[in-house]
Amino acid sequence: MSGKLRTTAFAGVLTLALAGCGGVGGGGNDEGGGGTATKGALSTMGFGFSDEIATTRIEAFKRDNPDVELKVTEGAFDEQQFLSAVASGNPPDLVYMDRKLIGTYAKRGAIQPLTQCVDKQDIDLGQYRPAAREQVTLDGTVYGIPEFSTVRVVYLNEGLLKKAGLTADQVNLADWAALPALNAKLASVSGGRLGRIGIDPKIPEFLPMWAKANGVDMLSADGRAAKLDDPKVIEALTTGVNLIQQQGGWGAFKSFRDTFDFFGAQNPLSKNQIVAWPMEEWFLNQAAKNSPNVELVVKPFVDRQGKPLTQSAGQAWVITKGAKNPDAACAFVKKMTATDTWLAAAKARVDARKAAGQPFTGVYTANAEADKKIFDELYQPTGNKRFDDAVATIRSVQDAAFALPASPAGAEFDKAYYDAVNRVLAGQEQPAQALQRAQREATSALDKAAK
């Protein structure tokens with residue numbers, strides 16, 4: 001195996017759990033064997049030509065595989081469209097989806113194990129970050145090849161902190177008991193009307209990270225046991241909800257936050273609409289591009305002992321059950337996530353930013369080798385200490401990231417805790433009640449998937 005991590009053999013063919021499905025074969029070997037890798041039609045779902053990072057990599061594949069007729073159907077991943085296509089026996093060859101969904105679709109038999117793909121294309125799984133790799137692996141079998149890898153850090157508006165008589169060092173997210181007082185200093189609420197968010201806990205999306213900070217995983221390492229009713233999860237949710245209630249309640253809070261434009265010059269940082277919040281690292285890229293003069297400080301998110309903590313998330317490529325050109329699909333996922341391809345894409349980003357007179361703050365992928373090359377060979381400090389320090393912070397937490405494990409009922413688990421948080425935010429249930437109900441729902445889904 002030459003030091004490379006390999007997938008284990010697939011124990012059996014899974015049955016697609018879709019009503020009325022008369023089989024999902026048709027045209028492709030279940031593990032990417034057979035056919036000619038460099039010829040024929042190849043179709044994708046859930047991906048688009050959003051920027052130079054995407055187009056450079058697509059062009060690299062086309063250049064190396066001129067006899068493949070690539071059809072990229074642009075647009076976000078649509079679960080119903082995907083499952084309908086699989087059930088009909090006419091799915092796209094490749095789907096670009098959130099890594100946390102992969103366990104569910106693997107269990108349903110809607111996507112293929114990549115054991116033979118990895119071996120045939122000599123894909124080195126060791127190059128991918130552990131959290132990303134584990135999230136596409138169910139029961140020891142790899143079902144996806146990870147792409148980008150986002151991590152979460154804490155963004156601070158130092159200008160607003162100064163006005164509140166505080167420094168960035170005084171924003172201590174490890175001290176949960178002090179968060180309400182800090183939030184009161186930072187938020188602007190008058191007559192029930194929210195004019196500025198103090199602390200945004202980013203729930204339900206970031207509840208797993210708050211729970212982890214409190215010393216508990218919401219889902220067991222094997223992805224088969226929910227821990228949603230753990231007192232530490234309840235405490236994490238209660239803490240986040242209280243911060244929102246302090247700021248006019250969920251209705252006012254959400255309405256205000258929904259006006260934010262994180263992708264433009266009028267982003268909430270530049271408009272002084274928010275002081276402190278955890279968010280994915282991609283916002284640094286947007287801030288550097290659109291509002292380079294903001295008083296931004298980026299710190300690690302921390303657990304209750306003050307130790308840096310972050311959650312990894314991202315997309316991955318999967319090959320569908322019934323893919324008609326699985327060999328070309330396998331060649332595609334290797335090329336799209338290869339070190340040299342990422343380096344070329346990052347170079348295109350550097351050139352584009354330079355031409356526009358804008359700073360380059362890095363490209364962050366699930367390929368750790370690619371990231372090292374990008375920062376060793378392409379990255380140069382911007383000269384803006386705020387952004388340079390932020391890049392260093394993001395890089396410092398990447399290797400310590402955790403991710404929700406692959407689960408045969410990952411989608412159902414997500415829905416259970418999202419629904420619970422939303423019921424609490426809407427005032428329909430208390431945290432303990434909501435999470436106890438979510439625990440029952442998640443456990444039922446996990447037990448059903450195990451059978």
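How many disulfides does the structure hold? The structure holds 1 disulfide, a term for a pair of cysteine sulfur atoms within 2.5 Å. Before we look at it, note that this is a predicted model, where local features need pLDDT of at least 70 and side-chain atom pairs count only at pLDDT 80 or more, while totals for chains, interfaces and linings use all residues. Residues are numbered from 1 along each chain as its sequence is written, and side-chain values use heavy atoms, with hydrogens and water left out.

The disulfide runs between Cys117 and Cys330, with 1.8 Å from S to S. This link is right-handed, with 95° about the S-S bond. It connects distant parts of the chain, since Cys117 lies in helix α4 (residues 115-120) and Cys330 in helix α12 (residues 326-337), 213 residues apart. Helices (H or I, at least four residues) and strands (E, at least two) are DSSP runs, numbered from the N terminus. Both Cys117 and Cys330 are buried, meaning under 20% relative accessible area with a 1.4 Å probe, protein chains only.

Now turn to the sheet. Strands of a sheet pair through backbone hydrogen bonds, either parallel or antiparallel. Here, 5 strands form an open sheet in the order β2-β1-β3-β12-β6, with mixed pairing; two strands pair if DSSP finds at least two bridges between them. At the edges are β2 (68-73) and β6 (145-146), each pairing on one side only. Helix α1 (residues 52-64) packs on the sheet and touches β1 and β2, where contact means heavy atoms within 4.5 Å.

Finally, follow β1 (residues 40-45), which pairs with β3 (residues 94-98) in the parallel sense over 2 bridges. Met45 has Val95 in β3 as its bridge partner.

Note on methods. Axes are lines fitted to C-alpha atoms, for helices over the stretch in contact, and angles run from 0 to 180 degrees between N-to-C directions. Buried means under 20% relative accessible area, exposed over 50%, partly exposed in between (1.4 Å probe, protein chains only).
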